[in-house]
Amino acid sequence: MGEISIEVLIFLLASGFVAAFIDSVVGGGGLISIPALLFAGLPPSVALGTNKLAATMGALTSTINFLQSGHINKKLVFTLLPLSIVGSALGVYIVQLIPSEFLRPIILFLLILVTIYTVFKKNWGMESNVKHLSGKMIGFVIFAVLMLGFYDGFLGAGTGSFLIFLFLLLGFNFVESAGNAKVLNLGSNFAALITFMLFQSVHFFYGIAMGIAMIVGAYVGSRVAIKRGAAYVKVLFIGITVTLIGKSIWDYAHRYFNQ
(Lines give C-alpha, C1' and ligand atoms only; values in the text may rest on other atoms or scores of the structure.)
Protein backbone atom coordinates (compact mmCIF):
# COMPACT_ATOMS: atom_id res chain seq x y z
CA MET A 1 0.00 0.00 0.00
CA GLY A 2 1.43 3.35 -1.05
CA GLU A 3 1.64 6.53 1.01
CA ILE A 4 -1.78 7.90 2.02
CA SER A 5 -2.18 11.66 2.32
CA ILE A 6 -4.54 13.31 4.77
CA GLU A 7 -5.99 15.42 1.92
CA VAL A 8 -7.00 12.33 -0.06
CA LEU A 9 -8.46 10.73 3.06
CA ILE A 10 -10.59 13.82 3.82
CA PHE A 11 -11.73 13.91 0.19
CA LEU A 12 -12.81 10.26 0.37
CA LEU A 13 -14.65 10.83 3.65
CA ALA A 14 -16.59 13.77 2.21
CA SER A 15 -17.33 11.89 -1.01
CA GLY A 16 -18.47 8.85 0.95
CA PHE A 17 -20.91 10.87 3.06
CA VAL A 18 -22.54 12.55 0.04
CA ALA A 19 -22.63 9.31 -1.97
CA ALA A 20 -24.29 7.37 0.86
CA PHE A 21 -26.81 10.14 1.58
CA ILE A 22 -28.08 9.85 -2.00
CA ASP A 23 -27.62 6.09 -2.32
CA SER A 24 -29.55 5.34 0.87
CA VAL A 25 -32.68 6.79 -0.73
CA VAL A 26 -32.60 6.19 -4.50
CA GLY A 27 -29.26 4.59 -5.37
CA GLY A 28 -26.71 6.17 -7.68
CA GLY A 29 -24.10 6.84 -4.99
CA GLY A 30 -21.48 5.15 -7.15
CA LEU A 31 -21.61 8.19 -9.42
CA ILE A 32 -19.73 9.99 -6.64
CA SER A 33 -17.79 7.31 -4.77
CA ILE A 34 -16.26 5.43 -7.71
CA PRO A 35 -14.77 8.56 -9.40
CA ALA A 36 -13.49 9.61 -5.98
CA LEU A 37 -11.67 6.29 -5.53
CA LEU A 38 -10.25 6.52 -9.06
CA PHE A 39 -9.06 10.05 -8.25
CA ALA A 40 -7.31 8.60 -5.18
CA GLY A 41 -5.20 6.53 -7.58
CA LEU A 42 -6.82 3.11 -7.43
CA PRO A 43 -6.98 0.94 -10.58
CA PRO A 44 -10.55 0.58 -11.95
CA SER A 45 -11.11 -2.99 -10.74
CA VAL A 46 -9.81 -2.14 -7.24
CA ALA A 47 -11.91 1.04 -7.18
CA LEU A 48 -15.02 -1.03 -7.91
CA GLY A 49 -14.17 -3.58 -5.23
CA THR A 50 -13.29 -0.92 -2.66
CA ASN A 51 -16.53 0.90 -3.42
CA LYS A 52 -18.45 -2.31 -2.71
CA LEU A 53 -16.85 -2.53 0.74
CA ALA A 54 -17.84 1.04 1.60
CA ALA A 55 -21.27 0.74 -0.04
CA THR A 56 -22.06 -2.44 1.90
CA MET A 57 -21.41 -0.61 5.18
CA GLY A 58 -23.67 2.24 4.09
CA ALA A 59 -26.39 -0.05 2.73
CA LEU A 60 -26.50 -1.99 6.01
CA THR A 61 -27.09 1.25 7.92
CA SER A 62 -29.92 2.48 5.71
CA THR A 63 -31.49 -1.02 5.66
CA ILE A 64 -31.61 -1.03 9.47
CA ASN A 65 -33.22 2.43 9.45
CA PHE A 66 -35.89 1.38 6.95
CA LEU A 67 -36.53 -1.87 8.86
CA GLN A 68 -37.03 0.01 12.13
CA SER A 69 -39.41 2.45 10.45
CA GLY A 70 -41.63 -0.37 9.16
CA HIS A 71 -41.24 0.69 5.51
CA ILE A 72 -40.02 -2.73 4.29
CA ASN A 73 -42.13 -5.70 3.20
CA LYS A 74 -40.01 -8.27 5.01
CA LYS A 75 -41.73 -11.38 3.65
CA LEU A 76 -41.30 -10.28 0.03
CA VAL A 77 -37.76 -8.90 0.13
CA PHE A 78 -36.24 -11.67 2.24
CA THR A 79 -37.73 -14.19 -0.19
CA LEU A 80 -36.12 -12.34 -3.10
CA LEU A 81 -32.79 -11.66 -1.32
CA PRO A 82 -31.03 -14.93 -2.33
CA LEU A 83 -31.72 -14.16 -6.01
CA SER A 84 -30.03 -10.77 -5.67
CA ILE A 85 -27.02 -12.35 -3.96
CA VAL A 86 -26.55 -15.12 -6.54
CA GLY A 87 -27.03 -12.73 -9.47
CA SER A 88 -24.48 -10.27 -8.11
CA ALA A 89 -21.78 -12.88 -7.48
CA LEU A 90 -22.27 -14.18 -11.01
CA GLY A 91 -22.05 -10.64 -12.39
CA VAL A 92 -18.71 -9.94 -10.68
CA TYR A 93 -17.34 -13.25 -11.96
CA ILE A 94 -18.43 -12.54 -15.54
CA VAL A 95 -17.07 -8.98 -15.55
CA GLN A 96 -13.61 -10.43 -14.85
CA LEU A 97 -13.91 -12.37 -18.11
CA ILE A 98 -15.60 -10.02 -20.58
CA PRO A 99 -15.91 -6.23 -20.98
CA SER A 100 -19.07 -4.53 -19.73
CA GLU A 101 -19.45 -2.24 -22.75
CA PHE A 102 -22.20 -4.24 -24.46
CA LEU A 103 -24.59 -3.57 -21.54
CA ARG A 104 -24.22 0.23 -21.56
CA PRO A 105 -26.55 1.11 -24.49
CA ILE A 106 -29.28 -1.14 -23.05
CA ILE A 107 -28.99 0.50 -19.63
CA LEU A 108 -29.10 4.01 -21.13
CA PHE A 109 -32.28 3.14 -23.04
CA LEU A 110 -33.94 1.66 -19.93
CA LEU A 111 -32.97 4.65 -17.76
CA ILE A 112 -34.60 7.02 -20.26
CA LEU A 113 -37.81 4.93 -20.27
CA VAL A 114 -37.88 4.78 -16.45
CA THR A 115 -37.41 8.54 -16.13
CA ILE A 116 -40.04 9.45 -18.74
CA TYR A 117 -42.57 7.07 -17.20
CA THR A 118 -41.97 8.44 -13.69
CA VAL A 119 -42.17 12.10 -14.75
CA PHE A 120 -45.41 11.77 -16.69
CA LYS A 121 -47.23 9.46 -14.26
CA LYS A 122 -47.97 12.31 -11.86
CA ASN A 123 -49.35 10.60 -8.73
CA TRP A 124 -47.42 7.36 -9.17
CA GLY A 125 -45.76 6.15 -5.99
CA MET A 126 -47.44 8.70 -3.73
CA GLU A 127 -49.61 6.06 -2.03
CA SER A 128 -49.18 2.35 -1.44
CA ASN A 129 -51.46 0.18 -3.57
CA VAL A 130 -49.95 -3.30 -3.42
CA LYS A 131 -52.10 -5.98 -5.05
CA HIS A 132 -51.99 -9.78 -5.05
CA LEU A 133 -49.33 -10.92 -7.51
CA SER A 134 -50.33 -13.21 -10.36
CA GLY A 135 -48.18 -16.17 -11.37
CA LYS A 136 -46.83 -14.26 -14.38
CA MET A 137 -45.95 -11.24 -12.23
CA ILE A 138 -44.17 -13.45 -9.69
CA GLY A 139 -42.12 -14.95 -12.52
CA PHE A 140 -41.30 -11.48 -13.81
CA VAL A 141 -40.21 -10.28 -10.36
CA ILE A 142 -37.95 -13.31 -9.82
CA PHE A 143 -36.33 -12.80 -13.23
CA ALA A 144 -35.96 -9.02 -12.68
CA VAL A 145 -34.32 -9.37 -9.25
CA LEU A 146 -31.89 -12.00 -10.52
CA MET A 147 -30.94 -9.82 -13.52
CA LEU A 148 -30.60 -6.66 -11.42
CA GLY A 149 -28.37 -8.52 -8.97
CA PHE A 150 -26.28 -9.66 -11.93
CA TYR A 151 -26.17 -6.10 -13.26
CA ASP A 152 -25.08 -4.73 -9.88
CA GLY A 153 -22.09 -7.07 -9.83
CA PHE A 154 -21.36 -6.63 -13.54
CA LEU A 155 -21.67 -2.84 -13.95
CA GLY A 156 -23.68 -1.38 -11.08
CA ALA A 157 -24.62 2.20 -11.99
CA GLY A 158 -28.33 2.76 -11.45
CA THR A 159 -29.14 -0.56 -9.75
CA GLY A 160 -30.93 1.16 -6.87
CA SER A 161 -33.06 3.19 -9.29
CA PHE A 162 -34.10 0.09 -11.25
CA LEU A 163 -34.97 -1.77 -8.04
CA ILE A 164 -37.11 1.13 -6.85
CA PHE A 165 -38.88 1.19 -10.21
CA LEU A 166 -39.58 -2.54 -9.89
CA PHE A 167 -41.24 -2.10 -6.49
CA LEU A 168 -43.21 0.90 -7.76
CA LEU A 169 -44.59 -1.37 -10.48
CA LEU A 170 -45.79 -3.71 -7.72
CA GLY A 171 -47.77 -0.87 -6.11
CA PHE A 172 -45.47 0.26 -3.28
CA ASN A 173 -45.04 3.99 -2.65
CA PHE A 174 -41.65 5.66 -3.11
CA VAL A 175 -40.51 5.35 0.51
CA GLU A 176 -41.51 1.66 0.72
CA SER A 177 -39.90 1.01 -2.66
CA ALA A 178 -36.68 2.66 -1.46
CA GLY A 179 -36.67 0.51 1.68
CA ASN A 180 -37.38 -2.74 -0.17
CA ALA A 181 -34.78 -1.90 -2.80
CA LYS A 182 -32.15 -1.19 -0.16
CA VAL A 183 -32.43 -4.69 1.32
CA LEU A 184 -31.84 -6.31 -2.08
CA ASN A 185 -29.07 -3.80 -2.82
CA LEU A 186 -27.40 -4.75 0.46
CA GLY A 187 -27.45 -8.41 -0.59
CA SER A 188 -26.01 -7.73 -4.04
CA ASN A 189 -23.36 -5.40 -2.58
CA PHE A 190 -22.27 -8.02 -0.03
CA ALA A 191 -22.08 -10.81 -2.60
CA ALA A 192 -20.11 -8.57 -4.98
CA LEU A 193 -17.76 -7.57 -2.15
CA ILE A 194 -16.96 -11.20 -1.28
CA THR A 195 -16.29 -11.96 -4.94
CA PHE A 196 -14.05 -8.89 -5.37
CA MET A 197 -12.15 -9.97 -2.25
CA LEU A 198 -11.54 -13.39 -3.79
CA PHE A 199 -10.02 -11.58 -6.79
CA GLN A 200 -7.96 -9.40 -4.34
CA SER A 201 -9.54 -6.24 -5.75
CA VAL A 202 -10.29 -4.38 -2.49
CA HIS A 203 -8.24 -1.59 -0.85
CA PHE A 204 -9.27 -2.15 2.76
CA PHE A 205 -7.95 1.09 4.27
CA TYR A 206 -9.72 3.32 1.77
CA GLY A 207 -12.80 1.09 1.81
CA ILE A 208 -13.21 1.09 5.60
CA ALA A 209 -12.50 4.83 5.86
CA MET A 210 -15.04 5.67 3.17
CA GLY A 211 -17.42 3.10 4.67
CA ILE A 212 -17.42 4.89 8.03
CA ALA A 213 -18.39 8.11 6.24
CA MET A 214 -21.05 6.16 4.33
CA ILE A 215 -22.55 4.86 7.57
CA VAL A 216 -23.12 8.46 8.68
CA GLY A 217 -24.39 9.54 5.25
CA ALA A 218 -26.72 6.55 4.96
CA TYR A 219 -28.15 7.15 8.43
CA VAL A 220 -28.87 10.80 7.72
CA GLY A 221 -30.16 10.16 4.19
CA SER A 222 -32.56 7.36 5.11
CA ARG A 223 -33.89 9.29 8.14
CA VAL A 224 -34.57 12.33 5.96
CA ALA A 225 -36.35 10.16 3.35
CA ILE A 226 -38.55 8.50 5.98
CA LYS A 227 -39.41 11.88 7.52
CA ARG A 228 -39.98 13.80 4.26
CA GLY A 229 -42.01 11.06 2.55
CA ALA A 230 -42.76 9.88 -0.97
CA ALA A 231 -42.77 13.27 -2.73
CA TYR A 232 -39.20 13.98 -1.61
CA VAL A 233 -37.99 10.54 -2.71
CA LYS A 234 -39.69 10.92 -6.10
CA VAL A 235 -37.90 14.22 -6.82
CA LEU A 236 -34.54 12.73 -5.80
CA PHE A 237 -35.27 9.59 -7.85
CA ILE A 238 -35.91 11.65 -11.00
CA GLY A 239 -32.82 13.77 -10.35
CA ILE A 240 -30.56 10.72 -10.02
CA THR A 241 -31.91 8.92 -13.10
CA VAL A 242 -31.48 12.10 -15.18
CA THR A 243 -27.91 12.38 -13.86
CA LEU A 244 -27.22 8.76 -14.78
CA ILE A 245 -28.55 9.41 -18.29
CA GLY A 246 -26.37 12.52 -18.63
CA LYS A 247 -23.28 10.65 -17.47
CA SER A 248 -23.92 7.80 -19.92
CA ILE A 249 -24.33 10.24 -22.82
CA TRP A 250 -21.17 12.09 -21.76
CA ASP A 251 -19.21 8.83 -21.65
CA TYR A 252 -20.37 7.93 -25.17
CA ALA A 253 -19.51 11.40 -26.49
CA HIS A 254 -16.10 11.34 -24.82
CA ARG A 255 -15.23 7.95 -26.34
CA TYR A 256 -16.53 9.00 -29.78
CA PHE A 257 -14.51 12.24 -29.98
CA ASN A 258 -11.35 10.60 -28.61
CA GLN A 259 -11.25 7.70 -31.06
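**Labels and their grounds**

Mentor: The lining of the largest cavity in this predicted model consists of five nonpolar, two polar and two charged residues.

Trainee: Which residues are these?
Mentor: The largest cavity is lined by Asp23, Val25, Val26, Gly27, Gly160, Ile164, Ala178, Ala181 and Lys182. Asp and Lys count as charged and Gly as polar, while Val, Ile and Ala count as nonpolar.

Trainee: Which helices supply at least two residues each of that lining?
Mentor: Those are α1 (6-26), α7 (159-169) and α8.

Trainee: How many cavities of 30 Å³ or more does the search find?
Mentor: One, with the whole structure searched. The space in the largest cavity is about 30 Å³.

Trainee: Why is Ser177 called buried?
Mentor: Buried requires under 20% relative accessible area. Ser177 has 0% relative accessibility, so the label applies. Ser177 belongs to helix α8 (residues 174-198).

Trainee: What is Ser177 in contact with, leaving aside neighbours within four places in sequence?
Mentor: Ile164, Phe167, Leu168 and Phe172. To count as a contact, heavy atoms must lie within 4.5 Å. Of these partners, Ile164 is also one of the residues lining the largest cavity.

Trainee: Where in the chain is confidence lowest, and where highest?
Mentor: The lowest mean pLDDT, 76, belongs to helix α5 (residues 104-120), and the highest, 94, to helix α9 (residues 204-228). Across the chain the average is 86, and 93% of the residues score at least 70.

Definitions and conventions
Residues numbered from 1 in each chain as written. Predicted model: local features only at pLDDT ≥ 70, side-chain atom pairs only at ≥ 80, totals over all residues. Heavy atoms only, no water. Helix = DSSP H or I, 4+ residues; strand = E, 2+ residues; numbered from the N terminus. Buried < 20%, exposed > 50% of the residue type's maximum accessible area, 1.4 Å probe, protein only. pLDDT = per-residue confidence, 0-100. 1 Å grid on protein atoms, 1.4 Å probe; cavity = no way out; pocket = protein on both sides within 12 Å on 5 of 7 lines; lining within 4 Å. Points joined across faces, edges and corners; volume = space filled by probe spheres on them.
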